[in-house]
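Please report on the fold shown here. Cover the sheet, the helices that go with it, and a couple of loop residues.

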Amino acid sequence: MTEQQQTPVADPPAEPPEVPAEPAAPPAVRKDRRGLRAALRWSAAVVVFAVAAAGTAYGITRMERTDVPGLATESDGRWDYPTLTKPPLPSGSPGPQAESNPAGTHHADLRALLLPAPKGAKENGALRGAQGWLPADVFLKEIAEKEDRDEFRQRLVDWGLRHIAARGWTTEDGTRTRIYLLRFDTAAVADDRFHGVLFPYSGPAHRVTGTENVVGDETFPEAATVAGVQRTVYDEAEPRGAEHDRQAYLVSGDVLAVVLQSRKGTAHAVPFRQTVVLQSQLLG
């Protein structure tokens with residue numbers, strides 16, 4: 001306390017017992033408090049809107065493994081993924097979005113950038129490959145037509161595919177998930193020669209095995225965009241075959257990611273969106 005506050009103050013003259021306290025004071029206090037509470041509520045609302053507008057991108061990149069824009073609650077069908085941790089970069093190496101990394105190179109181990117399987121899922125050992133690297137011919141089996149497979153294979157050769165890392169699993173409800181990460185020499189190759197050419201918004205250039213009529217998915221929430229990752233998402237329109245298929249194609253730096261989900265009856269949107277966003281976070 002200051003010296004002024006510590007100085008004793010003389011007691012005021014005692015009022016005669018029969019004189020009541022001034023009646024106007026309590027209503028004035030209540031009125032002031034009501035005004036103060038109203039002002040605080042409006043101030044809080046302004047702050048919330050300002051933070052929501054300015055912090056959208058940051059919030060998305062810091063999402064928890066179960067928190068995805070467009071999903072309501074943890075009981076709405078999302079899967080229970082392990083805690084996600086990005087692999088460390090080699091000492092002195094920039095991230096794929098750094099200005100000092102114009103080629104968009106992912107210096108982290110590509111195999112460590114794969115999304116892990118959710119709790120309770122049975123992993124597909126055939127996609128592990130030798131020491132975690134998958135032969136291109138295994139990935140190309142996802143393409144239905146032989147001519148399309150041959151065209152895609154030649155494109156991989158011409159534009160310098162370096163590695164494919166993959167992971168797949170089947171959950172208890174029968175949903176099959178396959179994720180492929182294809183690494184090229186530069187970000188320009190991954191984007192201009194593959195994503196931009198083979199996966200336009202209207203539909204993929206090559207039909208995936210088991211699919212019929214695949215169209216752009218307009219229901220995928222824009223709020224689920226991850227900074228530094230381009231995304232094209234497709235859904236299979238009715239009438240469908242034996243399975244319902246959903247597809248996503250992501251580009252982050254020198255990596256093209258392919259995310260495929262299939263299920264008899266209906267492939268649910270919630271786990272698909274969750275899978276796409278979490279894989280995007282690991283790459284972005």
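Val 251 has Leu 256 in E7 as its bridge partner. The model is predicted. The strands involved are E6 (residues 243–252) and E7 (residues 255–264), which run antiparallel and are joined by 10 bridges. Val 251 in E6 also stands opposite Gln 230.

**The sheet**

E6 and E7 belong to an open sheet of seven strands. The strand order is E1-E2-E3-E7-E6-E5-E4, and the pairing is antiparallel. In general, strands of a sheet pair through backbone hydrogen bonds, either parallel or antiparallel. Which strands sit at the edges? They are E1 (122–123) and E4 (214–216), each of which pairs on one side only.

The table lists several of the pairings, with the number of bridges in each.

| Strand pair | Sense | Bridges |
|---|---|---|
| E1 and E2 | antiparallel | two bridges |
| E2 and E3 | antiparallel | eight bridges |
| E4 and E5 | antiparallel | three bridges |
| E5 and E6 | antiparallel | six bridges |
| E6 and E7 | antiparallel | 10 bridges |

Lys 122 stands opposite Thr 170 in E2. Further along, Ala 165 stands opposite Leu 181 in E3. E2 and E3 form a hairpin with five residues between the strands. In that hairpin, Gly 174 takes a positive phi near 90 degrees.

Val 215 stands opposite Asp 235 in E5. E5 then forms a hairpin with E6, with six residues between them. Is E5 enclosed or open to the outside? Five of its seven residues are buried, so E5 is largely enclosed by the rest of the structure.

**Helices**

Helix H7 (residues 269–283) lies across the sheet strands E3 (176–183), E5 (230–236), E6 and E7. H7 runs at about 20 degrees to E6.

Two other helices meet each other. The axes of H5 (residues 146–158) and H6 (residues 187–198) come within 11 Å. They cross at roughly 155 degrees. The cut-off for roughly antiparallel is an angle over 145 degrees, so H5 is roughly antiparallel to H6.

Which residues make this contact? From H5 come Glu 151, Phe 152, Arg 155 and Leu 156. They meet Arg 193, Phe 194, Val 197 and Leu 198 in H6. By class, the contact has five nonpolar, no polar and three charged residues.

**Two loop residues**

Arg 162 is found in the loop between H5 and E2 (163–170). Its relative accessible area is 41%, so Arg 162 counts as partly exposed. Beyond its neighbours within four places in sequence, Arg 162 is in contact with Arg 183, Phe 184, Asp 185 and Asp 254. Take Phe 184 as an example. Arg 162 and Phe 184 are 22 residues apart in sequence, with their C-alpha atoms 5.4 Å apart in space.

His 107 lies in the loop between helix H3 (56–61) and E1. How accessible is His 107? Its relative accessibility is 34%, so His 107 is partly exposed as well. Not counting residues up to four places away in sequence, His 107 touches Leu 89, Pro 90, Ser 93, Pro 94 and Asn 101. The C-alpha atoms of His 107 and Gly 95 are 7.1 Å apart, with a sequence separation of 12 residues.

**The whole chain**

The secondary structure comes to seven helices and seven strands. From the N terminus on, the elements run α-α-α-β-α-α-β-β-α-β-β-β-β-α.

How many residues does the protein have, and what share is buried? The protein has 284 residues, and 38% of them count as buried. The accessible surface comes to about 16100 Å². Carbon and sulfur atoms hold 55% of that surface.

Among contacts in the protein with a separation of 6 or more, 63% join residues 24 or more positions apart.

Methods. Residues are numbered from 1 along each chain as its sequence is written. This is a predicted model: local features need pLDDT of at least 70, side-chain atom pairs count only at pLDDT 80 or more; totals for chains, interfaces and linings use all residues. Side-chain values use heavy atoms; hydrogens and water are left out. Axes are lines fitted to C-alpha atoms, for helices over the stretch in contact, and angles run from 0 to 180 degrees between N-to-C directions. Helices (H or I, at least four residues) and strands (E, at least two) are DSSP runs, numbered from the N terminus. Angles under 35 degrees count as roughly parallel, over 145 as roughly antiparallel, 65 to 115 as roughly perpendicular and the rest as oblique. Contact means heavy atoms within 4.5 Å. Ala, Val, Leu, Ile, Met, Phe, Trp, Tyr, Cys and Pro count as nonpolar, Asp, Glu, Lys and Arg as charged, and the others, Gly among them, as polar. Buried means under 20% relative accessible area, exposed over 50%, partly exposed in between (1.4 Å probe, protein chains only). Accessible areas come from the Shrake-Rupley method with a 1.4 Å probe; for residues, only the protein chains shown count as cover. Two strands pair if DSSP finds at least two bridges between them.
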